[in-house]
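This report describes a protein chain and the surroundings of its ligand. Please keep the sequence and the model in view while reading.

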Amino acid sequence: MTTSFRAAVLTGATSGIGRATADLLAVRADHLVLLGKESDAEAAQSLDAVRALARGRIDYVQVDFAEPDSTRAAAAAVRRLLPRIDLLINDAGMPGLPDRVVTADGSERTFAVNALGPALFTQLLMPALSRGSRVVFVASSAHRVEAFDPGDPDLSRHYSAVGAYARSKGALLAWALALADAARDSGIEVVALCPGLSDTPLSATMMGRVGGSPRVGAAHTWHAATATLPTGSYLEGDRILTPGPPAGDVRTRAVVSAVIERRIGAPQPGRSGTAA
Ligand SMILES: NC(=O)c1ccc[n+]([C@@H]2O[C@H](COP(=O)([O-])OP(=O)(O)OC[C@H]3O[C@@H](n4cnc5c(N)ncnc54)[C@H](OP(=O)(O)O)[C@@H]3O)[C@@H](O)[C@H]2O)c1
């Protein structure tokens, strides 16, 4: 079990589970780079609170995962700050919205923010990771509610808020587990989890005020980040479970990864140039 890090990166750090995870990381990382959609000024209050706990340096990078250019710029900024990364936690996510929204480059917004952005961001940071580094994906058991359809990734045929969220989290989980397979020989570890139900702006948007403290969710993320686990593990309640489709099946996982690869314009996990 690893409980301290030289260099760690956390997305979604400005709210909910990610904000609580930032507190846990701040006392255990020499250099922590936090990311959020808010501007530096909007994030200042959260950052001050995290910095008050910090044992080392804290930097903040703004990113909008709905925009590939913003994602690329953020990854480049992180690379400049951290040539080597021990831990990358992909926490950022958005709820399904009542109406279908399409991003400037034509992707359904939930799919873009919850799957395409984190996949592109991770892909761009992989060269900074090495044997023993870990990538954590905060997924959701909601992926079991409705399976991602590679034939209709942008939900043009049928849209619902919950379906959009479920499918996007399933797509990210499938990509994450494909990355684990591809990175196995490199010694880079990949772990995904559902953090359980926490009362956050994301959950409130879809379900009203339900769930416990985000600190409980952050404790599950912390377990995924620090426990000794086989790479490719998917956790619910800190227990390794078999995910539902499409992530649970190796062939479907590959199909979903190919959809994401085409969209983000980066090599699919397992092809040359990744996960070395
Ligand atoms: N809450 C739950 O019960 C629950 C259950 C299962 C899984 N999860 C997962 O846990 C993770 C954290 O969710 P949460 O409940 O803590 O939600 P939250 O409080 O709403 O926090 C979401 C974080 O993601 C960021 N974010 C949203 N859209 C973004 C974008 N376009 N680009 C960059 N960052 C963006 C948010 O930034 P802003 O605040 O600036 O928008 C915020 O920092 C998500 O991946 C979610 O799917 C949550």
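The sections below treat the sheet, the core, the ligand shell and several backbone features of this predicted model.

## The sheet and its order

Eight strands form an open sheet of mixed pairing, in the order β3-β2-β1-β4-β5-β6-β7-β8. The edges are held by β3 (57-62) and β8, each with a single partner strand, so one side of each is left without a neighbour in the sheet. As a general point, strands of a sheet pair through backbone hydrogen bonds, either parallel or antiparallel.

## Strand β4 and its neighbours

On one flank, β4 pairs with strand β1 (residues 5-10) in the parallel sense over 3 bridges, where L88 of β4 is the bridge partner of V9. β4 also pairs in the parallel sense with strand β5 (residues 134-138), over 4 bridges. In that pairing, N90 has F137 of β5 as its bridge partner. Together, β4, helix α4 (residues 109-125) and β5 make a right-handed β-α-β unit.

How are the residues of strand β4 (residues 87-90) oriented, and are they buried or exposed? L87 and I89 point one way, L88 and N90 point the other way, and all are buried.

## The nonpolar cores

The largest nonpolar core has 83 residues, and those with the most contacts inside it are L10, L34, L173, W175 and A176. Helix α5 (residues 161-183) supplies the largest share of this core, 12 residues. Leaving aside residues up to four places away in sequence, W175 touches A115, A119, V256, S257 and I260. A second, separate core of 5 residues includes L155, A164, Y165 and A166. In soluble globular proteins, nonpolar side chains tend to be buried together.

## The ligand shell

Which residues come nearest to the ligand? Of the 31 residues around the ligand, these are G12, G16, G93, T200 and L202. By class, the shell has 14 nonpolar, 12 polar and 5 charged residues.

Helices α1 (16-26) and α6 (201-207) each supply at least two residues of this shell. Helix α1 is mostly covered, with 9 of its 11 residues buried. The buried residues of α1 are G16, I17, G18, R19, A20, T21, A22, L25 and A26.

## Backbone features in the loops

Most residues other than glycine have a negative phi, and most peptide bonds are trans. Several loop positions depart from this pattern, as set out next.

L155 lies in the loop between β5 and α5, and its phi is near 55 degrees, a positive value in a residue other than glycine. Is L155 buried or exposed? L155 counts as buried because it has 21 C-beta neighbours inside 10 Å, the threshold being 20 or more. D238, in the loop between β7 (233-236) and β8, has a positive phi as well, near 70 degrees. D238 is partly exposed, with 14 other C-beta atoms within 10 Å. The peptide bond from P245 to P246 is cis, with omega near 5 degrees, and P246 is placed in the loop between β8 (239-240) and α8 (250-264).

## An exposed arginine

R209 is found in the loop between α6 and α7 (214-226). R209 counts as exposed because 8 other C-beta atoms lie within 10 Å, where 12 or fewer is the limit. Not counting residues up to four places away in sequence, R209 touches D199 and A204. R209 and A219 are 10 residues apart in sequence and 20 Å apart in space, C-alpha to C-alpha.

Notes. Residues numbered from 1 in each chain as written. Predicted model: local features only at pLDDT ≥ 70, side-chain atom pairs only at ≥ 80, totals over all residues. Near = placed C-beta within 6 Å. Nonpolar A, V, L, I, M, F, W, Y, C, P; charged D, E, K, R; others polar. Core = buried A, V, L, I, M, F, W, Y, C linked by C-beta atoms within 7 Å. Contact = placed C-beta atoms within 7 Å. Pairing = 2+ DSSP bridges. Right-handed = clockwise from strand over helix to strand, strands pointing away.
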